[in-house]
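Work through the exercises below with the sequence and the coordinates at hand. Each task is followed by its solution.

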Amino acid sequence: MVQFNQLEQHRKILLTYLKLHHPRGKRVDFELVILSNYLQVASWGAYLLSRNIITMSFAPKDSHEAQVQFALERGVPALIGVLASIRLPYPSRSFDMAHCSRCLIPWGRNDGLYLIEVDRILRPGGHWVLSGPPINWEKHWKGWERTREDLKAEQDGIESLARSLCWKKLAQKEDLAIWKKPTNHMHCKINRKVFKKPRFCEAQDPDKAWYTKMETCLTPLPEVSDIKELAGGQLAKWPERLTAVPPRIISGSVIGITAEIFRKDNELWKQRVLHYKVLDHQLAEPGRYRNLLDMNSHLGGFAAALVNDPVWVMNIVPVEVKVETLGVIYERGLIGTYQNWCEAMSTYPRTYDFIHADAIFTLYKDRCEMEDILLEMDRILRPQGSVIIRDDVDVLVNVKSIVDGLQWESRMVDQEHSPHVREKLLIAIKQYWTAPAADHNQQGSEAAS
């Protein structure tokens, strides 16, 4: 009954949002939602996912034990994460909505640090949804075992902070409140005369988020020439958004990536994924896989080529790449995160059905050991899950010797265009095996000796 009631609450949140933005009952366009916390293993994320709205759920390991693991086992995107002192591992202007349900984050404290971080990752015109304390404190204050004065002061602090960020409160109904971020910062820069804090950040890369400390300054939106203009450029509707040239590329902010390169990359990955499905019958079988991981996503072409399959892809942009493209991936309507593959990924063991690795071992040559990366891949891959690795033939020979030692079943094949190139593919399946049972007689004789 508790789980059902929580899911119904999340449905009400969605319905409220739809009424605000789709009064005529039109079909919802694909959107990205980040859940700062969730109840009953991402029930709201699962509900939205069934309606073609993808979520990025996260929760800390300490106070929400195994919820991320359960979410991934359900086939819902999730990462272990926490709002603390380091930025969330996403670029600026990534999400259409941020949602917090009973997450008990002190939004009004520390000079508004946590809500300022939410502002950084929200798109212009994006929404912040808050449910639970202190919303509707007038009704729940006794059950929350807090004083009316304390809860009122907390909500007043949130309201004041939201106004200082130039957010507009759209609605508050029962246990739900919704704010909207401005579409540009023209008015917001003017009202700094009223709101002295937070100031606008200076000389800051808004997309840098790997071990980057949060700041109590407001991330400025791209400049506009008209008050009605959407900062950063207008995104296409879904599903056109997936293949339309993203605004970051149109504006020239992604160095070396043009509209033509983007289109060619799309076509290239369509061919590659068709070839993959010939080589890996498990990838070609609908419903066999759900959680996919792309370790070096570039522009997200691998995920885009699988959009009509019943899967989702966690796109990873390694922090070591020369051109940072995660913002482009989000503008396409896909999800992802930053990662250093010399470190462990923020996920539980056995949480992905399939891993794709394009030139990962060439990228990390002389950065860390090949064995360390492969052991991490083995940790997060489910038994009977498969891996496709693209790389130079000499690199793959060394990789194959290691994965054979991991008791993966592997084979090396030609890539899709020509056998006369150095780039090859390594196809591998993680086998289900356990350590052999101990021989008690042998153990006894060893103990006696």
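**Exercise 1.** Which residue forms a salt bridge with Arg390, and how far apart are the closest N and O atoms?

This is a predicted model, in which local features need pLDDT of at least 70, side-chain atom pairs count only at pLDDT 80 or more, and totals for chains, interfaces and linings use all residues. Residues are numbered from 1 along each chain as its sequence is written, and side-chain values use heavy atoms, with hydrogens and water left out.

Step 1. Apply the criterion: a side-chain nitrogen of Lys or Arg within 4 Å of a carboxyl oxygen of Asp or Glu.
Step 2. The partner of Arg390 is Glu416, with the closest N and O atoms 3.0 Å apart.
Step 3. Arg390 sits in strand β12 (residues 381-392) and Glu416 in the loop between β13 (408-414) and β14 (423-430), so the bridge ties together parts 26 residues apart in sequence. Strands (E, at least two residues) and helices (H or I, at least four) are DSSP runs, numbered from the N terminus.
Step 4. Both Arg390 and Glu416 are buried, where buried means under 20% relative accessible area, exposed over 50%, and partly exposed in between (1.4 Å probe, protein chains only).
Step 5. A network of salt bridges links Arg272, Arg390, Glu416 and Glu423.

**Exercise 2.** Describe the salt bridge between Glu117 and Arg120.

Step 1. The closest N and O atoms of Glu117 and Arg120 are 2.8 Å apart.
Step 2. Both residues belong to helix α4, three residues apart, about one turn of the helix.
Step 3. Glu117 is buried at 3% relative accessibility, and Arg120 is buried at 2%.
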